[in-house]
Amino acid sequence: MRGSKLSQLGQQTFFVGPALLFFTLITIIPFLMGMYYSFTDWNGVSGNVSWVGADNFTAIFTNDPDFWSSFWFTVRFTVLGVVLTNIVGFFLAYFLTKPLKTRNMLRTIFFMPNVIGGLLLGFIWQFIFIKGFATMGDITGWSFFNLPWLGDATTGFWAIVMVFVWQSSGYLMVIYIASLSNVSKEVLEAAEIDGASRMQVLRSIIVPLIMPAVTIGLFLAISWSFKMFDLNLSLTKGGPFKSTESVAMNIYNEAFLNNRYGLGTAKALLFFLIVAIITVIQVRVTKSKEVEA
């Protein structure tokens with residue numbers, strides 16, 4: 001009996017050990033080091049590290065309006081990004097589960113933006129907003145195309161939202177397609193026989209049955225939105241005058257451009273705690289709405 005337990009432990013160590021080792025080296029140890037540096041004044045370069053206690057966190061709450069401005073920008077962006085990506089992803093999935101001849105091709109087309117890296121995608125859209133829209137404005141005369149899409153706080157915000165939704169909806173579409181494909185056809189046929197309209201079927205049957213996919217979709221969209229950095233960097237670089245600066249970019253600038261690594265890691269730790277609380281609440285709420293078929 002003891003030999004079998006030792007053998008089982010050896011097998012678990014053999015298969016799980018390497019993954020656990022790399023996870024510890026790549027994730028756990030850097031996270032713990034980041035927690036330590038958040039209580040220091042390290043500049044990220046020198047070997048002198050002085051313990052300052054909670055001074056970094058005090059500075060964030062009392063003397064860092066740029067951080068809270070970027071946090072408010074990120075909150076607004078996250079609310080719109082989460083709602084729009086899930087709505088667009090769901091309705092793309094809803095229509096692409098219908099018997100269309102071109103549905104496989106359309107699924108590929110809508111998923112493709114997710115394959116392109118965020119920086120490359122941002123530079124492509126930067127060219128579209130600056131050159132493409134200007135050309136379309138000259139051709140059509142529509143004022144929509146002549147707006148300063150990356151040169152104004154309001155239009156810059158919406159430009160980032162547009163590109164984010166365009167990039168992310170295809171991934172959520174795949175998740176919703178998988179969930180919609182598992183909805184029982186018998187249940188839908190029974191509802192149709194009972195005289196339920198399409199909207200009633202969608203609201204009262206389909207949505208409750210795919211709530212596990214909604215939980216995943218909301219979780220992923222919240223995570224993507226809060227940590228959005230590459231699109232922000234490539235499209236607006238946080239401008240004009242930091243009006244479109246996300247929290248991720250604010251942390252990056254603080255740690256690597258201002259050489260205040262301790263303050264940057266303090267911001268990152270605070271941001272991590274806020275996002276963790278929000279995602280835990282979201283998962284608990286949406287999990288409670290899930291039903292069994």
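The model is predicted, so local features need pLDDT of at least 70 and side-chain atom pairs count only at pLDDT 80 or more, while totals for chains, interfaces and linings use all residues. Residues are numbered from 1 along each chain as its sequence is written, and side-chain values use heavy atoms, with hydrogens and water left out.

**Overall fold**

You're looking at a protein with twelve helices and zero strands; helices (H or I, at least four residues) and strands (E, at least two) are DSSP runs numbered from the N terminus. Its C-alpha trace spans about 80 × 75 × 30 Å along the principal axes. The UniProt annotation "domain: ABC transmembrane type-1", from an unreviewed entry, covers residues 71-282; such positions are given in the numbering used here, feature names are shortened, and annotations may be inferred rather than shown by experiment. That span, 71-282, is 78% helix and 0% strand, and its end C-alpha atoms lie 19 Å apart.

The domain assignment gives domain 1 (1-38) and domain 2 (55-288), with bounds that come from an automatic or database assignment. Their contact (heavy atoms within 4.5 Å) takes five residues from domain 1 and eight residues from domain 2. The centres of the two domains, taken over C-alpha atoms, are 34 Å apart.

Here's the interface in brief:

| Item | Value |
|---|---|
| Buried area, domain 1 and domain 2 | about 450 Å², 71% of it on carbon and sulfur atoms |
| Salt bridges, domain 1 and domain 2 | zero |
| Residue pairs in polar contact, domain 1 and domain 2 | two, both at pLDDT 80 or more |

Buried area is the accessible area (1.4 Å probe) that two parts lose on being put together, summed over both. A salt bridge puts a side-chain nitrogen of Lys or Arg within 4 Å of a carboxyl oxygen of Asp or Glu. A polar contact is a pair of N or O atoms within 3.5 Å; within protein, one must be able to donate a hydrogen and the other to accept it, and residues adjacent in sequence count only if both atoms are side-chain atoms.

On the domain 1 side, Phe31, Tyr37 and Ser38 lose the most area to domain 2, together 83% of what that side buries.

**A loop worth a look**

Most residues other than glycine have a negative phi, and most peptide bonds are trans. Now check the loop between α10 (230-235) and α11 (247-257), where Pro240 sits. The peptide bond from Gly239 to Pro240 is cis, with omega near 0 degrees. Lys242 lies in the loop between α10 and α11 too, and Lys242 has a positive phi of about 65 degrees although it is not a glycine.
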